[in-house]
Each structure stands twice: as structure tokens, then as C-alpha cells.
Amino acid sequence: MNRKFYLIIVLLILVSMLGCTRTAYSQITETEKKVLLNEKGKGIMAKYIEPEVLQFNGKYYELVESGYDNKLITLNNKNEFCYLDLTIPEHPQLKVISPGFPGVNGLLGSDAENRVAWLVRGRGVYMIDLDSGKTGHIIAGNYGRVDHVLLTDKERLLFVIVSFSVEAQILYAYELLKNIDHGQIGVTGIGSFYSLGKNVLLLSGNYPKEPEYTGWYLSDSFLTEAKANPGKIYPGTDPLTKELMKNNVHGLIDGMEKQLHQRKRLLFGWSYTELKRPTQPVLVHWDESIKDISIDFLLLQMQDNADQIHTGPFHISGDGNWMKGIRIHTKVDPRMEELVVWHLQDYYPQSMSMGISLGYTNKDPGAFMNHSKLGPCYVEKSTSRDGILFLFKLNDGLEILKETGREE
């Protein structure tokens, strides 16, 4: 009897040790938390969210949004796609999505709205559909680098990959569902690329004879019309592209970021002057038929001046309710970048709240995530301390906006 009792105790201890190894978490003391927050820096904006500080000592890579509650996407030490599961924030866990895939490291990206993710390494793109777990790999041509990865059709899992090469951008198509590599599908001028979903692309590029202005164009995923005019994108005649050109709106060439939301039908961009300088950030809205177009000029929320400027990467969350960007306070220290989020809802003037600070950041290694109990969150990986995560509860920011609104 005693021998069986001791065996049970030993087994329980071993299981406990294995569990701790798998989750690899530990508690942060209040003193350690203060030190870590001081190192991160609060920033100088009045509207500031103080994060929770989490510790997770497992080996993982950068973080991108997944589109699922409580989960972010990363790579583990075997370069496998994993979820960083924060269902219990104090007990983070790594959970492998696709064993052995992609097997290399590189630049992670995702389209959380459509629950797909990818990794870019040189000309190689490794894709995964998070709903089905289906994976695929394509080599985008023989030269250049991959700048954009777009899912243009969720049902077919059709991706368009944009490779940059000197004076042109070369487009390739890959159908993940059937593992069909369509190869090179067209060549365009330098510009921005967005997917409206349902096999529709929104592209911008320079006019052949007037490079200081931007032309916009709607196309199917295979650039049927653009193929007839290789290397050129001519301005479209539909209501959306006409309104964009009328207001001289430029897209942003942040290939791995998301400035367009398909279901909420909005685009973040900048209105330029004739001197080729961005003057006003804008939110562009359209209806389901892409005919009723409106443009909100963000006169207060993102006003640049001698004291501050706004810069990318700008990124809209998978649910379309939040956007992040960087604010630089030029008179304080132009090297210090303050991470800012904005709430995107129609009841705000110009459909956007005033900015809320998440403190200073270093190349912004974080992602949005909805939590089943905490609501919308932003999770940032510390760049100064291994194993440290900052979790911002964005509902705290909404309370701050309400309080400051009452004071004003």
C-alpha cells in the first residue's frame, strides 16, 4: 500500500513538472512590474492605458493577430505556426497549429478578418488557413522581394502576392484550397494594393505621364484588364476610384499591414497636396455596391504639427473596431515612438475617436486580440526583456475617453 501511495505521489509531481514546462509561466511581483513599466515608458499623452505585465518564458517569435478570441499567432523554436493562447492571461500557453510547417523563420503576417496567416522568407510565401488548417507554399518568381500578400477570395483561398522589382511590381496568384500555383499574373506600376474581398482588388499606381499623381483602379484578382497594358495602371471610372482621385488620396505602401477592412468597408489613407506632401489622414467609406462613397478628413484625431507627427505602420484590427499607429513628439525626442490606438465607430466625429496612448514602443512588436472575458485587447512583446508581455485592455481606454469627454 505504501509503495503504491509513493508511486502516485511521484507521478503527480512529474505531471506537475511537465505542465509547468509546457506553459512556462511565472508570476510578476508588483516591484518587478513597476520596473518593467518604467523601462517601457508611459509616453506623454494624457489618455494612457496602463497594461498588465505577463511573463512567459517559452520560446516564441513575433506576434500577429489571429481573428480568434484569446489567441495570437507566432512561431515556436521549431519554426512551426503556433497560437499564443491567453485564455488565462497569467498562464500563457503555446499551442502548435501545424506541426513542422513552415519549418523556416521570416516575416509573419495575417489577415485576421479572414483568419489566414502567412510567413514571407525572401521570395517564398508560406500560407495557412486557420479555419481548416490547410497549408501551402509558393515561390514568387525569380527575383525581387515580396511586398504584399492579399487574400482576395476566402471561399477559394485565393491569394495574390506582390513582388517588388526596381520600377515595377509583379503579381502572382496561388489558390490554397486546390494547391494551384497560377504563376505570374501581371505587372503594375509602383503603388498600393488592397483586397475588397469577393475577387475584387483595389490598386493604386502612378500615371505613366504624370508620376506625381496617383491613379486608382478596380480589378479582378487576375488583373484581366491590366494584363492588356503591362506595367501601367490607368485610373478607373467607378465611383470609388473617381472619389479617391478627386481628393488626391494615396494609399500606404505597408505591405504586411492592414489599412482596409472588407466587412466594415473602410480604408485609411492620406490626402496629398500638389507638392506631393501628405496633408490630411482620411477614412474612406463605401456601401455594399461600391457606389455611395464618403471621405472623412481626420482634422483633430491625427493633426500633425511642429510638435508631433504621425507615422506607420498603421493597422486596422480584424474586427474593424480599432486602428494603431505611431506618434512622434518632435520637441520631446524624435527618436521616441509612442504607440497610439483609435476607436473606429460611426458615433465619433469623422468615425474615429481621439488617440489613446499605449506608451513608448520599439518597432511595435504586438497585435490586437479579443479576449472572451476582458474584451478587446492589445498585446505587445517587450523588446528589452525576454519573456515579458504587455496586455492592454482597450475597454479601459474607452472609459478614459468617456471621462475626458465629461471634463471637456
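**Figure 1. Glutamate 113 and its salt bridge with arginine 263.** In this predicted model, glutamate 113 has a relative accessible area of 1%; because the cut-off for a buried residue is under 20%, glutamate 113 counts as buried. Its partner in a salt bridge is arginine 263, with 4.0 Å between the closest N and O atoms. The pair links distant parts of the chain, 150 residues apart. Glutamate 113 lies in the loop between β6 (107-111) and β7 (116-121), whereas arginine 263 lies in the loop between β18 (260-261) and β19 (266-272).

**Figure 2. The salt bridge between arginine 115 and aspartate 131.** The two side chains meet at an N to O distance of 2.7 Å. Arginine 115 is placed in the loop between β6 and β7, and aspartate 131 in the loop between β8 (124-129) and β9 (135-139), so the pair ties together parts that are 16 residues apart in sequence. Arginine 115 is partly exposed, with a relative accessibility of 26%. Aspartate 131 is likewise partly exposed, at 38%.

**Figure 3. A network of salt bridges.** The structure as a whole holds 13 salt bridges.

**Figure 4. The salt bridge between lysine 40 and glutamate 380.** The closest N and O atoms of this pair are 2.7 Å apart. Lysine 40 belongs to helix α2 (residues 30-40) and glutamate 380 to strand β27 (residues 375-381), so that distant parts of the chain, 340 residues apart, are linked. Both lysine 40 and glutamate 380 are buried.

How values were computed: Residues are numbered from 1 along each chain as its sequence is written. This is a predicted model: local features need pLDDT of at least 70, side-chain atom pairs count only at pLDDT 80 or more; totals for chains, interfaces and linings use all residues. Side-chain values use heavy atoms; hydrogens and water are left out. Helices (H or I, at least four residues) and strands (E, at least two) are DSSP runs, numbered from the N terminus. Buried means under 20% relative accessible area, exposed over 50%, partly exposed in between (1.4 Å probe, protein chains only).
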